[in-house]
Structures are given as C-alpha cells and as structure tokens.
Amino acid sequence: MEFWRRAANPWGQDVLIGIAWDLMWAAVIVGVVFVAGHALYVKLLTPKQQPEAQIDAGPSAAGIPERIVRHTGAARAFHWLMSVAMFVLLITAFFPVVGIQFPWVTIHWIAGLGLLLTVLYHIWHSIVKQDVWSMWIDMKELKEGTRELGRFLKRSGESRAKAGKYPLDHKLYHHAIAVVTTLAIVTGLLMMFRVDTPLWARNPYILSDQLWGVVYVVHGISGVALITLVMAHVYFAVRPEKWWITLSMINGFIGRKDYLEHHDPERWAVKDGTPTAVSGTPGSAPLREGIPQNKRSHH
Amino acid sequence: MAVMRDMIPAFELFQPASVEEAVALLDQHGDDSWVLAGGLDSFDWFKDRIKRPKAVVDLGGVERLRGIRSAEDGIEIGAMTTLTEVASHSDIRESYGLLAAAANQVATPQIRNQGTLGGNVSQDTRCWYYRSGWPCYRADGNICYASAPNAMNREHCIFGANRCVAVNQSDTAGALIALDAQMVVQNAKRERIISADDFFIGPGTDITRMTVLRPGDLLTAIRIPSTWAGADFFWEKVEDRKSWDFALVSVARTMRVTNGTIAQSRVVVNGVAPYPMRLDAVEAAVRGQPVSEETAQVGGEAAVRRAKTLRHNDYKVPLMRNLVRRALRGEAA
Amino acid sequence: MADVDLILDTEPRGVSRRSFIKGVIAAGAAVSSTGYLFRSSGAFAQAPAPGAVERLVTLSVNGQQRRVDVTPQETLAMTLRYKLGLTGTKLGCDRAECGACTVLIDGVPRYACSTLTQSVRGQQITSIEGLADANGRLHPVQRAVVEEGGFQCAFCAPGFIMSMVAMVENNPNPTREEAAHALSGNLCRCGDYNKILDSAMRAAQYARRRA
Amino acid sequence: MALIGQNIIPPDLVAKVTGRAKFAEDFRAEGMVFAKLLLSPMPHARVRSVDAAEALAMPGVLGILRADELPEVNPQSEAALTDEPLYEGEPVLAVAAVDETTAADAVERIKVDFEPLPFVLDPLQSLHPKGPNARTEGNYFFRSREGSEFRTHKWTEEDFAAAGEGRLPMGEPLSEWTVGDTDAGLADADLVLDETLVHQTLTHHPMEPRSAMAYWQNGKLYIHTSTQSTAQTQAGVARALDLEMDNVVLIGEYCGGGFGSKIRGSTIQVVPALLSRKIGRPVMLRITRYEESYIGRSRPGFQARVKMGFRSDGRATAIDLYIVEDGGAYGSGDFGTAGAVASLSYQPLNMRLRGVSLYTNTPPRSAQRGPGGAQIVGMLEPIIDKAARELGIDRLELRRINAPDNDGWVGPNRGALTSAYVREALDQGKEQFGWEEKSRLSGQRNGTKVTGVGIGLSPFVGGSSGYDGLVVLRPDGKLYIHQGIGNLGTHSIADTARAAADVLGLPWERCEVVWGDTSKHLPWTSIQAGSQTTHAHTRANHAAAMDARRKLQEIAARELGGSPRDYVTSGGNIHHRSNRSQRMTFGYAARRAIQLGGRYDGHELADDLNAMTVASAQALAGEGLIGAAKDTYSHEGGTWSFVVGFALVELDVETGHVDLKEYTAVADCGRVLHPRSLAAQLHGGGVQGMGIARSQKWVFDPKWGVSFAKRFYTARPPGILDVPLEMQWGAVGIPDPQTPVGAKGIGEPPVGAGSAAIASAISDALGGQCLCRTPLTTDVILAALEGREQPYGPLEIHV
C-alpha cells in the first residue's frame, strides 16, 4: 500500500506532496471492521444485563425528577452545526477522490472556517460557561475504565461502575477527535494561503515545498482519521442501547431511569429537580459546569 | 533520477482497424493506455518523457473514424478527419464556414495535414509550468505555479480559474460550440452524445482533464446540426506569430440577423479560460438588438464583466472585449 | 557482425523473435544500418503484446521498397536518417515546429519528426533525395531554387523544398501570399524568406509550363 | 572586374537542394555510438555527488564523461561540462551508449545530488546592496595586468532611490568613456530627451543545432562539427584538447546557421571527442532544440538610460548613455560596441558611455549578428523619431543631419573611418522606398488599422585584414582557391574567391573552391564573424592571386623573353601585352612552375605567412603554381558598413497586432561582390531584426530560475507570415578606398536596420509614443493603446 504521494519539484528534488489515497480506504476499512466487530461482539457474546426494575426502585431514586436536562439548546445547536460542517468537509474532501466530481474547493474552505468558528465558540463556552474539568480523566476513572474493559471482554455480567456525566469512553473519544480536528484546522488554515480569497491572493511560496509537503500530509492524515472517528460516532449514536443519549442530543434531557441506570449521583448529582450539570455530548467536547464532582458532597 | 527530455520511451503500439477493437484495447489497458490521433500533442509528452503510457492505440487505421458524411440533420465529421480536410471540405466551407476558418488557422499546413479534429478539441493545455512536467494541480500535485506571485502568466486565464489557471487553446473548440456541435463518445460499455458545450470541463470539475473523456473513452465523431447552417459567421484568432502559435484570445461567433436586428447568436471565446467560454450573458444582452456599434459596445462590456486577471495577463481583458465587439459588429469571418 | 549479435541478444522472447532474426539476416543492408537507434532500447525488454505491431516492416521510400527494423516509438525522421541513410531530411527541432524534416506521405507534406514510422507502412514516402530523377536531373522546384540562388545556410532547404513541391502540385498558380501560407510550416533562421518566396513563385511557373 | 558584382550560382547549391550536403549530424562512422547530456535542473548549483552505477550497469551503456576529465580552463571561462552549473540547462556530464534511446534511459537513471546555490536572473537585482551574485566568487570578472579576479559590484540604496519609479538608476559604472563634455552638451541643447529602455535577450537558434561527431585514428582526431570558421575552429579544438594542430582533422563543409554562436564551432564539440577517446568508438552527440536554447548562445539584453540633446537645427549636441548589460553565466561586453555604434550613427558633439555588465544565472551570451549594435539602434532610433517630432524636422532629415561621412569618427578615441556613405544610402532609400509619400500615410486610419512608417540606421564593423590567401594553379589549367572560412551560406566561400579569379582574369568555370575540410590544406583565415570575411578574404585572395600572377609573369618572361611586366593574363592564358600570340596556357605555366620548383611551386614561401598557411602550402608544394601571400594592403582607420532600413506597418488598434507590410534596406558596403547574396544578407538580417522588434524573447520563472522559452513556439522567431511578403533592397556601391576590391562586410548591420525600422514604424503608428522596450508584442502595444497599466515594469527583463 502507498502511504505518501511524492513528486520531483521543478529542480528535480524529491518532495512530499500529500498522503496516498489508499489511506482513505484504509480508514474506511478500519471504521467498518471496528463497527462490525463491535456489533457482532455485543450481539453474540455479551450477556444480558439485569432487569431495570430493581434500579428504578432503589433508595437512590429519591428526589430524582422524571427528566434531567443533559444538553442545553446552545450546546445542541453547536453540536449539530459542527457535525454539519464536519460532514460537508468530509464530503467535499473525499467524494472527488472517489470520482464524484464537482467544484469543491470553495465549499471546503468555507466549511472549514465554519468548523473553526464552532470550535472557537465551543472552547469559549466550555471555559466560561462550563466546567472544563468535567472532561478531565483522573486515575480512578482510568482504573475503572480498564476494569470495565476487562469485564466487557471477559463477558462477566457483574454490575458495572456508573459514570459521572460523561463516561470515560466518551471523554477519550472527545480528546481524540479534539486533537485530530485541531491538526486539520491548523494545517487547513495554512493551506488557505494556497487559495484566492476576498482577503488575499494565493501565495504558495510562504513555505518551502518540503514544509508544504508535511502540512499536506498532516492535513490528509487527520482528514482520513476523521473518517474513522465519525463512522464510530455515528455507529454508537444509532445503537439501541445508546438511543437515550442520542435522543438527549435532540431534545436535551434524559429520563430518571437512564440517569439511575448509567450515572453515579456521586459524580453527577441532580438536586431537587434541577440538574447541576448541563450541556455537552459524547464526542463533541462536552464539559460540565460547576465544581468537579470529586470536590462535592451532599448530605 | 535526472531529468531527460529527449527520445520517446518504449511503448507497445496497437493499430486497431475498428472502433470496437480500439475501445476494447483502451478498456483492456485502462490507465496505461493512450489514444494516438494525429499525435502532435502526444509526441511532445512522449519526447519530454513526462507521460509514459505502456500501450499506445494508434487510430490511424480505423476507417470509420475518418471522413465527412452528411447526417440526417447536418453533417458528421469523423474524429480522425484531418484539419486540412475539414478546412477544405466544400460542404463545411459553404454551410459551416466558421469551422473551416478556425481549422484553417491551426498551427501550420503540415500539422493540419496530420492533426485531426478530434485531436484538436481534445488537446491538452499549453501552460508552460504544467508542460515542464512540474507537479502542479493538473499533474496530480498540490500547487499552481502559474498563479504564484511573479509567475509568468501572460498566456493564462482571466476566467474560470479554480486552483489551475491554464487555458484551453483549441482553435476549433470555440467554433464547434458556436455551431452547437454534438460529440459522439464511445467506450466499452456504451455510446454517449455530448453537446460540445458540455464536452469541455474546467479544473473545478476535474483538474487533470480538459474534456469529459476518461481513460477508455473514445471520441468517434463530431456532429454539426443544421441549426446554424449558412448563418452569419465570425472567426478571429489573435496570436504572437501568424503560424505555429496558439491563440492569445480567439472568438467564434454565429449570428442570424432578421431585418437589422440580432435574432439569434452564439459567441464563444477561447484562450481566456480553462475551457472554451460560451458568453450566454452577451448572447442575451444582444438578442433583439440592432446590429450596431452600440450593441457591439454593450456586448463587449458584458463579455469581460467579472474577469479576474493575473499579474501579466491584464491585456486579455481589452483584447477579449474588442474581439467580442468586432464579432458583434457583424464583420465577416 | 557485432550489430547482429546485439540485435539477437536484445530481441524479445517469444514467437515474433524467430521471424525477426530471419528477417534481419535476410536483409543484410537493414542490419548494418539498423545499428544507430534503439538497438538495445527498452522496447526489446518486453515481448510484444498480442495485437501489437511487428518490428520488421517494409517501407516504400522514394519509390523503393525498403525492409527495415522499426521500434513502435520510432519516428519516420529517425528511420530515414539513421536506418535508411537518407540524411537529407533534417532535424531542426524534433518537435513539429520548424519543418526541416518535412517529407511527403502519399504526396502530403508532413513532419517526419512527429510521424511514427509504423503508421506510414504501405504509404508512399518521398524525401528530398527522391526528387531528382535517376540520372540526376533536378526536379523543377529544385531547378527554380538553384536559379534563384536558393537559400543561405540551407539547413531548412530540404523541408522548404518538399513543401514547395506539394504547393505546386495543389496550386500551380499561387499568389505570393498563398505561396507564403503554403510554406508557413517551415522556419528559416537566416531569414531568407524573400528569396524562398521568389523560388516558390518560379517553381510554380515551371509547374504551370509542365501542365 | 569581370566576376565581382555578378550573380553566380554558388558551387554548393545543388548539393543543398538535393539533400546531399552533409551537415555534422549527417556523418556516420563504423561502430558509431551516441552520447547524451545530463543538464543542470537548477540555475545555480554545486554537484555534491554523482551515482551512475545503475546507469553504467545497463546493457549498451559504454561510458560516462565527467567535468573533471576535461582539460583545465580559466576560472572565468566556460567548460563543456561543469560541476558548478551556473544556469539551468548547463551540461554536467555526458553518457555514451550503443544507441540514443539507451543513452537517454541511462542519463535518467543517474542520481546527481545538486546543492542549490543563490541565483540571480536580472543584473539590477545583483546590483542591489543586498542582491545575490550569480557566482559564489562575485558578479563580474575584473581584468588587469596586475592580476585578474572575480569581484563584486554593488550600487547603494541611494542610487536606486535617486532614480525614481521606472527609471534606470545610474550608480557607479564599471566602464566609462567620454568624448567632449557631455553635461555641457546637454546644457547647450534646445531639446533633451531622457528615456529608460529595455532590450530583451534572445537565443541565436540557428536551424542546425550544434551537433558534433568525433573519432580517433592513429592519434589524429577527426571531428565533424558545425562551425562558422573552419581554420580557426581547427585551432580552437586543438587548443581546447591540448593537441597539435596537425592532429586535428576538422570537417565542416556546411554550417546550418551560426549568427555568431558558432564562431569557432561550439564549446560542447569537445565532448564527443573526449568520449570517443575514452571508449574507443566514434561518438555522435546530437544536440536537441532544448539543449540548443541553453548552450546555443544568445544576444545579451540591455537595461539602458539615454539622455540625448539636440540643437533646434537638429544637430545632436550630446548623448549620455548608460547601459546595464545582462552578461549571462560567463559574461559579455556588447555594451562597448553599443556605445561606439551610437557615437558613429549620430556623430554627437559630446558623448559619454557608462556601462555595467554583470553575470547572471542565465545561458551564456556571445556575439549575435551586430553584437551591441543591433540592440542600441533598435533602442535609439524611436527616440530619434521622438526628437524629430518635437523639433519639427523630418525624421529622415534628422538622421541625415547627424549621419557620418568619410570624415566621421567612432568610439572613445574618435577613430577614423575608411569610408562612410550614409547620406547617399539615406537618399537612395528615400527614393526607393518612397519616403515622401509613405510618410504621408503615417498615422492614417483604415478601419481599425493605423499605418506607421519607420527608419532604422544601423552601422557595424565591416572587416579586418592581415590574413593569408592560398591558391594553386594546377597543370589542368584550373585555379584552386583554398578557403579557411566556413560555409555559412553567405556564399562567401565563392564570393571572396572571385577576387582571385578576377586578378588572373580566369573564367569562373575554371576555378575550384576548396573549403570545409582541414585535410585539404587551408590557409590561415579570419574568423567568419564580425562581418570580417568579405573584407579580409577578398584582400587575402587578391594578394595570393597577385603572387600567382607575378610568378606567371616571371615564368612567361623566362620562356618567351621580355620582362615580366610585359605579360598580362586573360581567359586562362598569359600573353605578351603587345603580341597576343606570344602566350602560354595556365596549365603549361603550372607544369613549368613544378619543374622550376622553389618559390614557384611552393617549396619556398614568403616568411610573413602564418604557420598554418605554411604547413598547407608545403603540403601542396609541387602540385602546381602556388600563390600564397599575406594581406599587407594598407588599411588605415576602421572599416564600417551601414544599412538603412525603411518599414511600413499596419497596427490594429483593437488587438495590438502589427502587420509588417513593406521593408526596404539600402546598404553602404562598398563595392557589391554578389548582388543576390547581398540581398539575402540585407533581407535575412532584416528579418532577424523584425523578430527582435516583434516577437522573439526569453522567459524565466523568477522563483525557480528555469527557462520557458526553449521551444520555437515560446521563443517565437519570425515565420514567413510574420514578415513582409516582398522586400526591396539597394546598395550605394561606392568602393571602399582602403581595400583593393573595395568591398566591405555586410553580415551584421542588416539586423539592427530591421529591428530599428520596425520599432520606429510601430512608435509612429502609436503617434510617436515610444514604448522603449523590445519585443513589442500584442500585450505591450494593446496596454499602451488602451491606456492600461503595462504588463511589465519598465525595467523588467525576460518577459
């Protein structure tokens, strides 16, 4: 398989010019294998979980309202705007490669700027309006996480530890996509010097062609990585047992049942009907407002 | 790997006798194949050792691709008909003089004796950065050298730039669009009829090709409907040398005038965009207008609206405007 | 003999080989003159694909049948100059731009540098050497050129003369402008165009006399 | 003189029209193989390493030649191959293989590690305080008796600032001369014009590329090459390869154009010679058109500034000329001649020339037909028009007023002229072209076409002297005239030989010209450049024939009695002045000469002959009556020829396209040797000038320093449709008093005449607007017509 595209520059020097499109297919294959693998594994091998009734009764249910807001309107708007930008970017980037041809460049860079704006908004929002730390992964969580993975793989049905507002896998996914998207955006911004915009005329010579090669490769790699990540994201969003989360990204709240089943009040407390936590969604950098749960106590 | 720009690298040569054979060969060799018509564009690529097809399919032996026949409506010109035949054919001179005039101004007599109509419309651009074998967008690279600051782009485009700023330089392309020609394209699966207008594509659509033809496709014939037969034609090509040169700007115009006013017209300019540019706006602006200097002025201005120049090609704006004016004044071809 | 060995060494494996060798040995002339080009070029490395052209061909040059070994990518100018010893056909640019290599193919002037030899099998090829008759009497066009004091360096002359021959055939009564158009595929760097046109007009005059 | 002044059919013409004429690439040798060059992809680089293992392992590859295998050359001179290429396309190494395709494949498989070095394409850039230099050692070569070395020349920021937008800065020059007081001259002037001008660089592009084939036999080098000057090229090759002259046999019977680019053949011609010695096979190096555009030489471009002052009566009071010359990779000095030509054309009361010629990382320059002269007249003539308009004086008249005559002067030392009949030429042209009525057409509109009429006055050096002539009168009664000049197609091999025939009164059919092969024993000869041949070798052949005649007279007197002075030659006989029957045939005289031996048959030779002539004469000794003499005729002052070009053009104001309608060239080149050949020179040179004025160019990408005008269709030399359909010519025909035949050279001045006349006509069509650059292409003209910004900066070159 080819990894890079190289070429001889005008002086006959060998330079990188980008990733080989094989990598795009590789990303798709990885995505498909993961999705299919996971689906089969869950379907055939993981045991049934215990009936929900027990949960809903339990003392912990006391004072928990029917609906708990998980994502505010602002947060949801951001998520969907960003996902639109992301899909436009992926489509304009890769459809022409597979032979569906159309004038894609302008759409692509405008969508890129769109993505940048949503991400900037998100960073501002999460720092000013929310608790950045809610995305923090501490040792305890990691240990739990590894244990969870172990159980999942060992297929032992013991009841699992409950998460705070954001389960560990969501956090990990968020950080992964955050890094990849940042790389794509930064390199993308550099590449803006290669296109004419109302603001400036293109100048391909601001970097040496060797350096440009690196920029193109990084942009390409993050691009194909996004294919896999988005595939995984969409897959989980449509899995029946995750529906409650997906729905919460549409209508904003989760039910008490889901709350009790999946969340640990210790980590995500809900006081007299008003959730102390709002906003955010798995995978798109949701952050929790208020003080980190480990500093909390309620008696 | 040192650069060498001489001696054609080895290839396999196939000389099919029928379109079927030819198409089968192209299908069989896919991306490694190369269609050889007159070869005057191809040999440059081969001798420069930039394009190195493994299998060259020489269409010279395919009788069906040669010759000019009258079709039910208009005429059909085999893609392998030489430009000399096109330029000198009596029917074409009488009814479609625009095409004859354009074909007659391609390069030189020797080239017209060998170069074909199909080859002329399918020719690759002459952007000298691209032709130098540099890794530009059009060559699957990631840069356009010609539009860089200080680049030498006197002969590049003022319209239709999309990362690539090369121009289409075919003389006959404009005439064919103006005459509403149909291109007959054959491949292993099927035969398509494409209007000349859609035959040429810009870099936005596919930056590595000038036309819709993909590997495996064969342009077999060009049909000219009687729509414009015997209409009023105008052709002019402005070039630096009067032989063996490409148009800086060329204009092909068809027109039907009824009692002094322009009933119908088609105006196509080449050498200003990566594809021959049909000027719908101009056609609309002059429809129903009297043939006059005023109309010419209006059309000329409409033609160059939204032109975007590069460092060295500003002159193409007045040149194009003036040629369109001339075309609309109704001076003879 | 060295030439032959080289040819054998580098011949494609497979059916076509035997016939080729026979051919070469049969056509001794071809062998020694085949030397100069493509003798061990990449073309020999791979066996020709089914349907691909044969290497040993017969060309009709200046009225003679010449048997010659021709690679697929070989241009007519190279075949004439380096295999058939007809060096009157010049290479000025090898890019179909200057016309020094102009020859007549079935009477039509073409650039030999940009014509595949394989594509003119069975066609009548006329080069500058084929104009004067057997006992050296000059072609009327050549005579006209000589009488007008011809060219300067004359590297372009063979090409121009071939174009003139075609011109007087197609149009024995050209205006000076028509003559210029007929010769516009040939370049002269000495800039002797005026005298070249004088020669062309005189050549046309002779053609009319003959007709 | 019976033959001089008559048209003849050159002896080589039939071979040329039948394809039998063999040029360098037409020769074959048993076992001949092919060489191919590896060219530098960078405008300036150092070769770090070369890995040719893979290439050399290929079947059919015979060897490689590297730069370090060539004989040493001076640091500032050009070698055939180099490891520090100074321009894109400079040959780095050569590979030989059994066939050309293999050689090409082999070159492609060689891995060369180039280290890119700073480069510069424009001398003005190099003059900037922080500008790059074309060579690591500096940007020009300083020559002096004390010692020569590379140096760096820069101007100050102030110099550049002082010039102002679009004007040539005039910092410290590298060379300067003054006649009179230029500043005073300008002060006295009623009209002062101050213009900044650009002249492009352009490749010679002879039709025949500089291919060469070489092989060795018994220690002798046999080399087939394309050269303007046979004798001097043999010497050149011998020098370049450290060989004895007689170990070099040079065959160059035909030269497919040179125009100054093949004066002593070409630098590259040693490559096949050395490769052949290395691999022991004959080697053909076929040069491609691309390679020709790199190594084929070119005319240096100028960026210039001129201040010209005129009195109201039209007299030029002063010329203050500053020229920045683009010297290319190995330097050039055209600007000196340019200054001399300017002084000669307009005979200003005062003049100053300042010049800077710097290296740039562009292909090597050399003389090109009218070096310096063609550039400067093409640049200045439109300005003379401008002055005429402002002074209200007829443009032709203004030239007449300032034209030189026999008392004219040239250059810094106010050198004298052997003759100058410029006013006669102007007057003859005025009639022949019809200046009066044509100039009435100037500016007239016909539809979108406007007519322009122009004049170009172009002087150039018309000859040298002091070379040798060698003739042999054989027992067959024929005169064999040995010519060491090349055969460029100017017919000089025949035309200068006719001087000898006329001296002996021999009909042309009884004369044989021997040329083009040094094994045929040729005399020491001028280079065929600088329009020297006609002058130098009508003289040398005249001298040799006089020597032969003296010997004939002595033999006749000896045999038939009387004094040698009583005998005259005619029709192949020598007879007594008063008694025609007292005669002997040349054939008989030749046999007698052989019997007599000594000085008669070449066994004794004059001691002022050049060694080469001596060797040749000795080789011929005993084969007939030998006439061998050095040209010792008096030659006071500089010999200059003049051509005045007249042009009528039609300029399309909507497209900027220019049609060249009419051209007439009138020459002062002394006595006319061969009218039809002179016409070819006048028109041919004129056509090259038209190419300069209209289309021919160089283009480089500024970022990569790589050339794009390496194809004919991008370099754009004029085709047959780009020049007038019918051209006229004339000659004053007054013999030059300083040479026995009276003929002056005419190779160069026609070029400037053509270029200047067209430039002048175009500015006339533009209503007197001088665009002050060449070439005047559609884009430049249209921008001017439309009042839009010019596509290129006023000092921008290589566009």
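Reader: Which strands make up the open sheet of five strands in chain D, and in what order?

Author: Strands of a sheet pair through backbone hydrogen bonds, parallel or antiparallel. Here the order in chain D is E21-E22-E30-E31-E34, with mixed pairing. Strands (E, at least two residues) and helices (H or I, at least four) are DSSP runs numbered from the N terminus, and two strands pair if DSSP finds at least two bridges between them. This is a predicted model: local features need pLDDT of at least 70, side-chain atom pairs count only at pLDDT 80 or more, and totals for chains, interfaces and linings use all residues. Residues are numbered from 1 along each chain as its sequence is written, chains are lettered from A and ligands numbered from 1 in the order in which they are written, and side-chain values use heavy atoms, with hydrogens and water left out.

Reader: Which strands stand at the edges?

Author: E21 (445–446) and E34 (727–731) of chain D each have a single partner strand, so one side of each lacks a neighbour in the sheet. Further in, E22 (449–461) and E30 (640–652) of chain D pair in the antiparallel sense over 13 bridges; D:Gly452 has D:Val649 of E30(D) as its bridge partner.

Reader: What lies across E30, E31 and E34 of chain D?

Author: Helix H19(D) does, running at about 125 degrees to E34(D). Axes are lines fitted to C-alpha atoms, for helices over the stretch in contact, and angles run from 0 to 180 degrees between N-to-C directions. Contact means heavy atoms within 4.5 Å.

Reader: How much area do chain D and chain C bury between them?

Author: The size of an interface is often given as the accessible area lost when the parts come together. Chain D and chain C bury about 5000 Å² (accessible area lost, 1.4 Å probe, summed over both parts), with 58% of it on carbon and sulfur atoms. D:Met207, D:Ile720 and D:Leu725 supply 16% of the area that chain D buries against chain C, more than any other three residues. The contact joins 67 residues of chain D to 58 residues of chain C.

Reader: How many salt bridges are there between chain D and chain C?

Author: There are four (a side-chain nitrogen of Lys or Arg within 4 Å of a carboxyl oxygen of Asp or Glu). In one between C:Lys90 and D:Asp26, the closest N and O atoms are 2.3 Å apart. On the side of chain D that touches chain C, H19(D) gives the most, with nine residues.

Reader: What is the count of salt bridges between chain A and chain B?

Author: The count is one, between B:Lys308 and A:Asp196 at 3.6 Å, N to O.

Notes
Buried area is the accessible area (1.4 Å probe) that two parts lose on being put together, summed over both.
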